[in-house]
Amino acid sequence: MLTKNSSTILGSALVLFSGGMLYLVSQFSEAAEEFRALSPKFFPQMLSWALIFLGAVILFQGVRRPEKAVFEIRPTREAVVRAVSFILLVGGNLYLLPRFGFALTSTLFMMFSQHLLGERKFLLNFLRTALFVGALYYLFSVLLRVPLPIGPWGY
């Protein structure tokens, strides 16, 4: 039985989700492939295959473990509040992204999520965020020429 423990459930869900993503990516139009060195399908397909592989690893690790209850411990109230807050933070990021642009919303999202996960050193948090968002902005905007959402300030 595949529902032996939480690893088998997580692994099989990840494999199924990634397989669905791979199917959806295969339905993308091939019109842009003539004009680019890399197809628009390349990165989503690469990530889907990587997730399928990692999901299979988790699934097989779960099959080898002994059978036990899926939910062994009850989550604390603080963990539930953090999880719900993170989901709301992701929703807020998706809502504000087209209005304020990639740079500002990604910076705010990353800083708040690090704080939510327990990082209390503001300067380290800010430096890590600025470096990561700057590198992503440079990678996608300059190197790959992917248009990112632009805020009212032009970036």
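This is a predicted model: local features need pLDDT of at least 70, side-chain atom pairs count only at pLDDT 80 or more; totals for chains, interfaces and linings use all residues.
Mentor: A residue counts as exposed when its relative accessible area is over 50%, as buried when it is under 20%, and as partly exposed in between.

Trainee: Why is Arg 145 called exposed?

Mentor: Its relative accessibility is 68%, and the cut-off is over 50%, so Arg 145 counts as exposed. Arg 145 lies in the segment after H4.

Trainee: What makes the phi of Arg 145 worth a remark?

Mentor: The phi of Arg 145 is positive, near 55 degrees, in a residue other than glycine.

Trainee: Why is Asn 125 called buried?

Mentor: Asn 125 has a relative accessible area of 4%. The limit for buried is under 20%, so Asn 125 is buried.

Trainee: Which residues does Asn 125 touch?

Mentor: Leaving aside residues up to four places away in sequence, Asn 125 touches Met 110, Met 111, Gln 114, His 115 and Glu 119. A contact here means heavy atoms within 4.5 Å. Asn 125 itself sits in helix H4, residues 122-143.

Trainee: How do you know that the buried residues of H4 line one face of the helix?

Mentor: Asn 125, Thr 129 and Val 133 are buried in H4. Seen down the axis of H4, the buried residues fall within an arc of 35 degrees, so they line one face. An α-helix has 3.6 residues a turn, so residues three or four places apart point the same way.

Trainee: What do the buried residues of H4 pack against, and which residues are exposed on the other side?

Mentor: The buried residues pack against helix H3, residues 77-116. On the other side of H4, Leu 123, Leu 127, Leu 131 and Leu 143 are exposed.

Trainee: What puts the buried residues of H1 on the same side?

Mentor: The buried residues of H1 are Ser 7, Thr 8, Gly 11, Ser 18, Leu 22 and Val 25. They cover an arc of only 125 degrees around the axis, which puts them on the same side of H1. H2 is included in what covers them. On the other side of H1, Leu 16 and Tyr 23 are exposed.

Trainee: Which residues form the nonpolar patch?

Mentor: Phe 17, Met 21, Tyr 23, Leu 24, Leu 51, Phe 53, Leu 54 and Val 57 form the patch on the surface, with about 780 Å² of accessible area together. Helix H1 (6-26) and helix H2 (42-64) each supply at least two of its residues.

Trainee: What makes the pair of Glu 78 and Arg 82 a salt bridge?

Mentor: The closest N and O atoms of Glu 78 and Arg 82 are 3.2 Å apart. The cut-off is within 4 Å, and the pair forms a salt bridge. Both residues lie in helix H3, four residues apart, about one turn of the helix. Arg 82 has a relative accessible area of 28%, so Arg 82 is partly exposed.

Trainee: How many salt bridges does the structure hold?

Mentor: The structure holds two. Glu 119 forms a salt bridge with Arg 128, with the closest N and O atoms 3.7 Å apart. Arg 128, at 35% relative accessibility, counts as partly exposed.

Trainee: How many helices and strands does the chain have, and how many residues are buried, as a percentage?

Mentor: The chain has four helices and zero strands. Buried residues make up 19% of its 155 residues.

Conventions:
Residues are numbered from 1 along each chain as its sequence is written. Side-chain values use heavy atoms; hydrogens and water are left out. Patches are made of residues with over 30% relative accessible area and no salt bridge: like charges are joined within 9 Å, nonpolar side chains (Val, Leu, Ile, Met, Phe, Trp, Tyr) within 5 Å. Accessible areas come from the Shrake-Rupley method with a 1.4 Å probe; for residues, only the protein chains shown count as cover. A salt bridge is a side-chain nitrogen of Lys or Arg within 4 Å of a carboxyl oxygen of Asp or Glu. Buried means under 20% relative accessible area, exposed over 50%, partly exposed in between (1.4 Å probe, protein chains only). The arc is that of the directions from the helix axis to the C-beta atoms.
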